[in-house]
Every structure is written in C-alpha cells, then in structure tokens.
Amino acid sequence: MRCRSTKERFRVEADVAVNRANMLTRLWKYAGSRVMHSEYLLHALVLAMVEFDDDIFAAGNCYDAHQYKDYWLFCPFAYRLPDGPILVKDLAVEYKYLENTSEWFYVARKNAERVIHNYNQITHGE
C-alpha cells in the first residue's frame with residue numbers, strides 16, 4: 001500500500017467537499033422542491049462522504065437559522081465511530097452551533113461575512 005503525503009491526503013478530502021458543494025448547488029438551482037426537502041437525501045449525502053474515504057471521519061451540512069424547511073436549525077451529520085460503524089444524525093438536536101462558542105460555524109460565518117463585505121466594496125468601486 002502506497003503511503004500518501006499529507007498534501008495528497010488532504011487534496012482528496014478537499015475534492016470530496018468541493019464535489020459535494022457543487023452537487024448541492026446544482027440541486028438547489030435545478031431540482032424540484034420535493035428533492036430539496038428530503039431530509040433522507042441530505043443525510044445520505046453526508047453518509048456517502050464518510051463512506052468514500054477512511055480518512056474522512058465526519059461530514060456535515062449545517063444550515064443557518066430558519067434556512068431549511070420549518071426547522072430552527074438543521075444539520076445532517078455523519079461520523080465514524082472508533083470501532084468502524086458510521087452514525088448519521090441531525091447534529092442540531094444536541095448542539096446549537098449558532099452560538100458564538102462554535103468556531104467551526106459561527107466564527108467561519110463571521111469571517112465569510114467580512115470577506116463578502118470587502119468584496120462588495122471593491123466590486124462597486126467604493
């Protein structure tokens with residue numbers, strides 16, 4: 001078995017994430033509401049990401065407040081247990097990721113808002 005370098009290893013995982021983001025964008029843009037309102041589909045997508053590669057131990061697709069159907073929060077999340085099985089659940093049931101202690105969602109969102117704000121200033125020539 002060939003040992004992958006760190007760069008190669010993370011490139012594969014990054015490609016999986018980009019592929020999934022592109023697929024979700026296409027679904028949101030072209031699929032009917034029946035497809036987009038399928039919790040089963042969204043749970044299956046994160047499960048498939050973890051199943052794809054043993055180096056991926058967890059995957060999630062978390063929505064902002066009131067962004068998905070009638071849920072306050074919704075976050076299909078799959079993760080691999082140490083002994084191998086993969087569990088899938090709605091992470092929002094037990095973890096309120098919009099709170100300011102959630103670095104992986106709250107801080108990332110605030111950083112993205114800053115980038116978007118700066119981008120808008122540049123594109124408008126202000």
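Residues are numbered from 1 along each chain as its sequence is written. Because the model is predicted, local features need pLDDT of at least 70, side-chain atom pairs count only at pLDDT 80 or more, and totals for chains, interfaces and linings use all residues; side-chain values use heavy atoms, without hydrogens and water.

The protein has four helices and three strands. Helices (H or I, at least four residues) and strands (E, at least two) are DSSP runs, numbered from the N terminus. Their order from the N terminus is α-α-α-β-β-β-α. Along the principal axes, the C-alpha atoms fill a box of roughly 55 × 40 × 35 Å. The protein has 126 residues, and 26% of them are buried. Here, buried means under 20% relative accessible area, exposed means over 50%, and partly exposed lies in between (1.4 Å probe, protein chains only). Contact means heavy atoms within 4.5 Å. Among contacts between residues at least 6 apart in sequence, 42% join residues at least 24 apart.

Helix α3 has 14 residues. From its first C-alpha to its last, α3 reaches 20 Å, close to the 20 Å expected at 1.5 Å a residue. That expected span is 1.5 Å times one less than the number of residues. The buried residues of α3 are E39, L42, H43, L45, V46, M49 and V50. Seen down the helix axis, they fall within an arc of 155°, so they line one face of α3. The arc is that of the directions from the helix axis to the C-beta atoms. The buried residues of α3 pack against α1, β1, β2 (76-80) and β3 (86-90). The face turned away from the buried side carries the exposed residues Y40, E51 and F52.

Two residues illustrate the setting of side chains. H43 lies in α3. H43 is buried, with a relative accessible area of 19%. Not counting residues up to four places away in sequence, H43 touches F74, P76, V88, K89 and D90. W28 lies in α1. W28 is partly exposed, at a relative accessible area of 45%. Leaving aside neighbours within four places in sequence, W28 is in contact with M36 and Y63. W28 and F77 are 49 residues apart along the chain, and their C-alpha atoms are separated by 19 Å.

A pocket is an open set of points where a 1.4 Å probe fits, with protein on both sides within 12 Å along at least five of seven lines; lining residues have an atom within 4 Å of a point. Grid points are joined across faces, edges and corners, and a volume is the space filled by probe spheres set on the points.

The largest pocket has a volume of about 380 Å³. It is lined by 17 residues, of which A17, M49, A58, A59 and G60 are the closest to its centre. Elements α1 (6-30), α3 (39-52) and β1 (58-60) each supply at least two lining residues. Helix α1 gives the most, with eight. By class, this lining has eleven nonpolar, two polar and four charged residues. Ala, Val, Leu, Ile, Met, Phe, Trp, Tyr, Cys and Pro count as nonpolar, Asp, Glu, Lys and Arg as charged, and the others, Gly among them, as polar.

The second largest pocket holds about 180 Å³ of space. Of its 13 lining residues, G60, N61, C62, W104 and F105 are the closest to its centre. Elements β1 and α4 (103-123) give two or more residues to this lining.

Notes. On a 1 Å grid over the protein atoms alone, a cavity is a set of points where a 1.4 Å probe fits but cannot get out, and a pocket is an open set with protein on both sides within 12 Å along at least five of seven lines; lining residues have an atom within 4 Å of a point.
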